[in-house]
Amino acid sequence: MLTGEMKVREIKYPEIFLTGGIFLIALGMLFPVFSQNIWFGVIIKTREAIITGDSGHLILASAFINCLYSLQSIILYMGTMLVVFYSRFNKGLKSFDVFLFSLIIIILLHWTSSLIFEIPWEPVSTILALVISLFLFERLFGETYSFIQVFIVSIQVFFAFHWLNIMPSFSPYRFGRSDILYGVKIAGVYLNADTVLNFTGFAFFLPFIISAFITATLFISYSQNIRMVRENYEKETEIRNMRTEALENRVYQEVKSLVHDLKTPLVTIRGLNSLMLSSNGHEKLSEYGNRIENSVTKMSEMISGYLYESSRQKIKTIELINFIRAQLPLEDERIKFVIDIQDELPDIYVNKIRIARAVINILENAIIVPHKQLYKLINVTIKTVEKGIKIIVRDNGIGIGDLEMERIWEIGYSSNNTSGMGLPFAKRVIEDNMGTIEIASQLDEGTTVTVFLPSVDSLEIDDASNMKA
Amino acid sequence: MKHRVFRAALLLVFAALLVLINMPFEEKSRPIVFTLPGLPRPIAKTPVVITSAGQSTDTYIIHDITNQLMIRSFFMPQAEDTDLEDVETVVFTVGYSSLGAKYRDISYEEEIKRVKRLLEKAKEDKLTVLVVVLGGDHADSNKTETLLRLVGAQADYLIGLRESSNEIILTELAEDGNIPLTLVNSVNDISGSFASAFR
């Protein structure tokens with residue numbers, strides 16, 4: 001897009017650029033006035049070349065002319081492009097119309113300047129350079145939205161094409177038609193230096209034009225790379241947001257599970273209460289009262305466990321195991337659970353509700369993982385180890401590959417189309433409770449998750465602090 | 001529809017500009033003209049004043065040729081009629097350069113007047129007038145043509161470049177005024193023809 005409206009909208013003070021453009025146009029128009037003495041220097045150089053027979057002076061004169069023409073063209077071009085883009089003119093115009101309009105304006109400015117100040121200009125090379133520059137402008141500005149980069153390329157294009165003016169072999173194609181260039185070329189022929197001028201002109205034209213296209217390509221490629229980096233960053237941000245959202249969903253799921261778990265003691269309370277109402281015996285009433293008390297305590301523990309994440313209690317390991325077993329759905333006949341609990345397990349100091357939820361997550365993973373055997377076998381071993389206990393969950397699922405293993409702790413990553421929150425949550429909770437979690441897996445053989453929880457003794461927690469907690 | 005009209009207008013303006021500023025696309029027909037390679041006998045005497053009609057840098061080339069031929073000459077690009085005292089020949093190098101005129105601080109009209117004064121003086125003193133035109137096809141061709149027609153009408157010998165835009169004008173001038181004309185292929189060939197006017 002030649003219009004580049006998007007970029008123009010982003011600029012806060014387009015009037016500054018507009019003023020700059022007008023200033024450049026004025027400077028370009030008045031350029032012959034400022035450069036008059038240099039023009040006269042060209043005449044002197046030509047005279048010296050003829051008198052001394054040294055074609056080097058002609059090359060120098062040609063370089064002067066080329067620089068003067070190029071500078072004026074570049075200034076007018078820059079000024080016009082700034083005015084065209086920062087004025088409201090180009091709104092609603094198609095790119096080709098803007099191209100044509102800019103071309104006409106710059107040609108008119110050149111022509112007017114040459115008529116007013118009687119300094120000749122080179123229409124053919126100027127128009128050709130303009131067409132190429134405007135073409136590159138369209139490609140480059142559409143990609144980079146940078147005037148500086150566009151102007152760097154254009155400068156090279158103008159320098160390249162104005163060098164063609166000094167080549168006598170290009171005279172039939174109306175290059176170098178101004179009287180001063182014609183004089184230089186005639187002097188070149190007179191000094192038998194026409195080949196030198198031809199070679200010099202081409203030797204400058206070629207590198208400049210190649211450089212212009214290479215620079216343009218580099219700028220475009222750089223801009224594309226930047227755009228890709230920006231897009232990647234945006235994608236990463238989006239993924240991060242999605243993960244955060246997933247995490248929030250997980251929290252919601254956890255709360256939902258809690259509410260579900262709370263239903264169990266509530267059902268008990270309601271049932272017992274109805275029995276109490278229908279019962280006449282005091283013994284039964286006392287028994288039901290105790291059971292109601294237990295349910296209320298259980299529900300209170302659950303709520304406390306969630307409300308106070310850091311709170312921990314000294315509990316018997318078997319109590320934790322029973323709590324987990326009570327919450328785990330084991331109705332599926334295709335899943336065979338083998339639970340091996342060692343006798344005399346030490347007491348542990350944990351947030352029972354949260355640790356239970358973490359272990360349930362691990363067990364749920366073992367339940368849902370696909371398997372190749374006829375039935376799913378899950379071995380759960382609870383044993384005493386040095387300074388604590390280990391809960392080992394072993395399944396006969398398809399296992400986890402090395403590449404997946406590196407990412408299992410990432411929030412949102414899942415190989416089973418789940419939320420990908422289970423393991424990160426379990427790890428966090430276990431580590432919050434001074435424990436560790438390890439995973440070992442072999443493809444097609446299964447996965448083993450080992451959870452270590454420290455014993456109360458190893459933590460050296462006295463009863464007083466326990467009570468306080 | 002509006003866009004199309006606007007684009008058509010832009011294209012028209014662009015085409016008009018190309019015609020106006022630059023390209024007289026029509027090619028002047030150039031019949032093959034046979035001319036003498038040089039004069040059969042000299043017509044000019046020394047000393048010579050070399051001047052410019054249009055202030056182009058071509059004058060320096062004629063000056064250099066004169067020096068190489070060791071012809072006694074005075075190089076005066078802006079010679080006035082008073083400078084023609086005690087000289088036998090005046091050589092005009094025709095070619096208008098707007099930049100050259102600015103460098104010499106003289107306008108085109110003033111240049112025309114100066115050339116006219118020189119021609120009158122040359123006529124009065126019966127000086128030999130040699131006219132050399134090296135340029136052609138450049139941007140100020142019309143002004144050069146005016147100067148060439150002005151000077152060429154009173155010339156005793158015309159030298160120009162073959163296959164330049166001035167070839168036809170030189171031929172016309174030579175035919176109309178019965179003036180000897182030499183058309184050379186290249187600037188390097190002028191030296192021989194120029195020398196034939198003196199030796």
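The largest nonpolar core comprises 125 residues, and B:Ile61, B:Val90, B:Val131 and B:Val151 have the most contacts inside it. A nonpolar core is here a set of buried Ala, Val, Leu, Ile, Met, Phe, Trp, Tyr and Cys residues joined through C-beta atoms within 7 Å. A residue is buried if 20 or more other C-beta atoms lie within 10 Å of its own, exposed if 12 or fewer, and partly exposed in between, with C-beta atoms placed from the backbone. Helix H5 of chain A (residues 55–86) gives the most to this core, with 18 residues. Apart from it lies another core, of 32 residues, among them A:Phe323, A:Ile324, A:Ile353 and A:Ile382.

This is a predicted model, in which local features need pLDDT of at least 70 and side-chain atom pairs count only at pLDDT 80 or more, while totals for chains, interfaces and linings use all residues. Residues are numbered from 1 along each chain as its sequence is written, and chains are lettered from A and ligands numbered from 1 in the order in which they are written.

**Chain A.** The secondary structure of chain A comes to 17 helices and 7 strands; helices (H or I, at least four residues) and strands (E, at least two) are DSSP runs, numbered from the N terminus. Of its 469 residues, 39% count as buried. Two residues are in contact if their C-beta atoms, placed from the backbone, lie within 7 Å. Among contacts in chain A between residues at least 6 apart in sequence, 77% join residues at least 24 apart.

**The two sheets.** Strands pair if DSSP finds at least two bridges between them. Axes are lines fitted to C-alpha atoms, for helices over the stretch in contact, and angles run from 0 to 180 degrees between N-to-C directions.

| Chain A, 5 strands | E2-E4-E5-E7-E6 | mixed | 15° |

In chain A the edge strands, each pairing on one side only, are E2 (335–341) and E6 (436–442). E6(A) and E7(A) (residues 446–454) pair in the antiparallel sense over 7 bridges, and A:Thr436 has A:Phe452 in E7(A) as its bridge partner.

Strands E1 (residues 48–53) and E3 (residues 89–94) of chain B pair in the parallel sense over 6 bridges, and the partner of B:Ala53 in E3(B) is B:Val94. Leaving aside neighbours within four places in sequence, B:Val151 is in contact with B:Ala53, B:Phe92, B:Val94, B:Val115, B:Leu119 and B:Val131.

**Helix pair between the chains.** A:Arg47, A:Ile50 and A:Ile51 in H4(A) meet B:Tyr60, B:Ile61 and B:Asp64 in H2(B).

B:Tyr60 is buried because 24 other C-beta atoms lie within 10 Å. Not counting residues up to four places away in sequence, B:Tyr60 touches A:Arg47, A:Ile50 and A:Ile51. Its C-alpha atom is separated by 8.9 Å from that of B:Pro77, 17 residues apart along the chain.
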